[in-house]
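Work through the exercises below with the sequence and the model in view. Each task is followed by a solution in steps.

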Amino acid sequence: MPLVRISLLKGKPAAYRRKIGDAIHRALVETIDVPAKDRFQVITEHDPEDFVFDREYLGIARSRDLVIIQITLSAGRSLYLKRALYRTIAARLAAAVQLRPEDVWINLVET
């Protein structure tokens, strides 16, 4: 049962946030075989002073559209599957809300 925490700056409409959640869940279902009904997400919006990130860390130009995604799930997936998940999430978000891959930051926490 993965728990997905999605953080972004305040100001995006509810439909935008819903599309982000939908895209991430579809990627989990399609890539690492999470059951379709196994959806647990917490989406939080933050004021700019509470959403701190380096806009150029590692030479990646991030914008104010940055979405931070933390996925907590059971350990055991291969590196191949994890990389496929990251790619699929970025692609789904690009298609759903035109989010640039540079503005997708994923933290996978395995238990």
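**Exercise 1: Leucine 3**

Not counting residues up to four places away in sequence, leucine 3 touches Phe40, Val42, Gln70, Ile71 and Thr72, where contact means heavy atoms within 4.5 Å. This is a predicted model, in which local features need pLDDT of at least 70 and side-chain atom pairs count only at pLDDT 80 or more, while totals for chains, interfaces and linings use all residues. Residues are numbered from 1 along each chain as its sequence is written, and side-chain values use heavy atoms, with hydrogens and water left out.

Task: state in which strand leucine 3 has its place, and how far leucine 3 and glutamate 102 are apart in space.

Solution. Step 1: leucine 3 has its place in strand E1; helices (H or I, at least four residues) and strands (E, at least two) are DSSP runs, numbered from the N terminus. Step 2: the relative accessible area of leucine 3 is 29%, so this residue is partly exposed. The cut-offs are under 20% relative accessible area for buried, over 50% for exposed, and partly exposed in between (1.4 Å probe, protein chains only). Step 3: from C-alpha to C-alpha, leucine 3 and glutamate 102 are 23 Å apart in space, and 99 residues apart in sequence.

**Exercise 2: The helix pair**

Task: find the angle at which helix H1 and helix H2 pack, and the hand of their crossing.

Solution. Step 1: two packed helices are described by the angle between their axes and the distance between the axes. Step 2: H1 covers residues 14-32 and H2 covers residues 79-97; they pack at an angle of about 150°, and their axes are 8 Å apart. Axes are lines fitted to C-alpha atoms, for helices over the stretch in contact, and angles run from 0 to 180 degrees between N-to-C directions. Step 3: the crossing of H1 past H2 is right-handed. A crossing is right-handed if the near helix is turned clockwise from the far one by less than a right angle, and left-handed if anticlockwise.

Step 1: on the H1 side, the residues that meet H2 include Ile20, Ala23, Ile24, Ala27 and Leu28. On the H2 side, Leu85, Ile89, Arg92 and Leu93 are among them. Step 5: sorted by class, this contact of H1 with H2 has 14 nonpolar, two polar and four charged residues. Here Ala, Val, Leu, Ile, Met, Phe, Trp, Tyr, Cys and Pro count as nonpolar, Asp, Glu, Lys and Arg as charged, and the others, Gly among them, as polar.

**Exercise 3: The core**

Task: say how many residues the largest nonpolar core has, and which element gives the most to this core.

Solution. Step 1: a nonpolar core is a set of buried Ala, Val, Leu, Ile, Met, Phe, Trp, Tyr and Cys residues joined through side-chain atoms within 4.5 Å. Step 2: the largest one has 23 residues, and those with the most contacts inside it are Ile20, Ile24, Leu28, Ile69, Ile71, Ile89 and Leu93. Step 3: two or more residues of this core come from each of strand E1 (3-9), H1, strand E3 (67-73), H2 and strand E4 (104-110). Step 4: H1 gives the most, with seven residues. Step 5: isoleucine 24 is in contact with Val4, Ile6, Gln41, Ile69, Ile89 and Leu93, leaving aside its neighbours within four places in sequence.
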